Number of protein chains: 2
Amino acid sequence: LTQNRITAAALIIGDEILSGRTKDRNIGAIADGLAGHGIDLTEVRIVADDEAAIVEAVNALRARNAYLFTTGGIGPTHDDITPDAIAKALGVPIDIDPRARALMQAECDRRGIELNAARLRMARLPKGADLVEADNSIAPGFMIGNIVVMAGVPPIMEKMLAAVLPRLRSGPRRLSWSLTLDEPEGAIAGLFAECQQAFPDVAMGSYPFKRDGRPGTELVLRTTSAERLEAAAADLQARIRAHPSGTKR
Amino acid sequence: LTQNRITAAALIIGDEILSGRTKDRNIGAIADGLAGHGIDLTEVRIVADDEAAIVEAVNALRARNAYLFTTGGIGPTHDDITPDAIAKALGVPIDIDPRARALMQAECDRRGIELNAARLRMARLPKGADLVEADNSIAPGFMIGNIVVMAGVPPIMEKMLAAVLPRLRSGPRRLSWSLTLDEPEGAIAGLFAECQQAFPDVAMGSYPFKRDGRPGTELVLRTTSAERLEAAAADLQARIRAHPSGTKR
């Protein structure tokens, strides 16, 4: 099953995330969307609106993943440089795309605004790109090679992601099972490690939390095999039942 | 002033962020904390709980930034592998640190819990590390070379960040000025680009939003020079006054 994995990376582009002005919400939405489609998100990077930084990240991430998703930098203002940086990374020309221009002209007419020079910049696409439309945006995103280029505004990004996912390959979906305990993770770490050793093919994570000031732990098991998930969950529960809770916290 | 810049990267470590289970809150908090201390966050990466991925990212990011901040993977469970990966990246041994052990013993005594084998794992630090304490955690974070290693749980991460910042170098703080317009960014992109050309040393970003269904734009200017910020803001406001608002949207 590991051989069937479809992997992806995400690249978040924008000074505003690095300065703290804007708190990113796209990473979580991309993670959820890809998980639901059977694509494993393996790596995320955030870079500034800087051509060299974008080109370097694009080329590193597209080479080692089935897909690369980018957000940000496709608007009408001078700090929107993502399409040019993608074209440079791929070594292809960039110019106004007639399909994008027609789409934008229709949308500007509908909104009663002018398709001015700044907006027309958004119709410039790297040669070979396909449109990724969103009905809440004047301008489309695009896909070129294995790169999906999306807006940074979360509701628009979400529409573009939903529009493109059906066109992409899909791997086996990961199933997950979780157990919430009212014990600190230090109390169950030993038995959890033993469970992991017994099921090396099942990914196991432990996430501590506090509720009403008291420590708790959520244990999460993930695998693409329903059978292995059930067996590992049963094994973990048996270990916890045998655990002298409360005595050795 | 550019020569005095102190740059930093952040590395977020954890399967749970990539799977979508946990929505990251540490990136925004690190961005805010560093901005307040005069450190420029230049790049962020998110990787899985995978030693090779952590080592690669640590070595790439620590080489080209004054500081590297990591979050996640310093707990007591088997999926917490950050200290070992940091030691491997730096080529130094890792072992129980007597200072960390004493601190943890005192904290476990205070809480009435056992410093068991799993918890004792958290006292293992790469050779040469200094402690970064947090009063809401059993185990400390640490700093080694230019790397600050922090917990993934946000309230603990925030305490560790606050504890370490006073020990770090500080560059000139960036000042920012912003203007909110009730016009779509496509309407003001042209004049904004002209302002950027007149002030190439001032970073200028445009961020569209919708409020009550109507488009608006926030324009943000950032620089370390109060004088240049004031001049650029005055220039931008003059250009906007001269702009025939509403006629060429």
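A polar contact is a pair of N or O atoms within 3.5 Å; within protein, one must be able to donate a hydrogen and the other to accept it, and residues adjacent in sequence count only if both atoms are side-chain atoms. The model is predicted: local features need pLDDT of at least 70, side-chain atom pairs count only at pLDDT 80 or more, and totals for chains, interfaces and linings use all residues. Residues are numbered from 1 along each chain as its sequence is written, chains are lettered from A and ligands numbered from 1 in the order in which they are written, and side-chain values use heavy atoms, with hydrogens and water left out.

The side chain of A:N65 makes such a contact with the side chain of A:T7, at 3.2 Å. A second polar contact, at 2.8 Å, links the side chains of A:N65 and A:T42. A:N65 lies in the loop between α3 (51-63) and β3 (67-71) of chain A. Helices (H or I, at least four residues) and strands (E, at least two) are DSSP runs, numbered from the N terminus. A:N65 is buried, with a relative accessible area of 8%. Buried means under 20% relative accessible area, exposed over 50%, and partly exposed in between (1.4 Å probe, protein chains only). Leaving aside residues up to four places away in sequence, A:N65 touches A:T7, A:A8, A:A9, A:T42 and A:N146. Contact here means heavy atoms within 4.5 Å. A:I17 is 48 residues from A:N65 in sequence and 24 Å away in space, C-alpha to C-alpha.

Strand pairing comes next. Two strands pair if DSSP finds at least two bridges between them. In chain A, β1 (residues 7-13) and β2 run parallel and are joined by seven bridges. A:A9 has A:E43 as its bridge partner in β2(A). Strand β2 (residues 40-47) of chain A is mostly covered, with seven of its eight residues buried. Chain B also has seven bridges between β1 (residues 7-13) and β2 (residues 40-47), in the parallel sense. There, B:A9 stands opposite B:E43. Between the chains, β2(A) and β2(B) pair in the antiparallel sense over five bridges. A:V44 is bridged to B:I46 in β2(B).

Chain B superposes on chain A by a rotation of 180° with 0.0 Å of shift along its axis (RMSD 0.0 Å). The two copies are therefore related as by a two-fold rotation axis. Superposition is by least squares on the C-alpha atoms of residues with pLDDT of at least 70 in both copies. In chain B, the C-alpha nearest the axis belongs to B:R45, 2.1 Å from it. The same surface serves both copies, as 98% of the contact residues of chain B recur in chain A.
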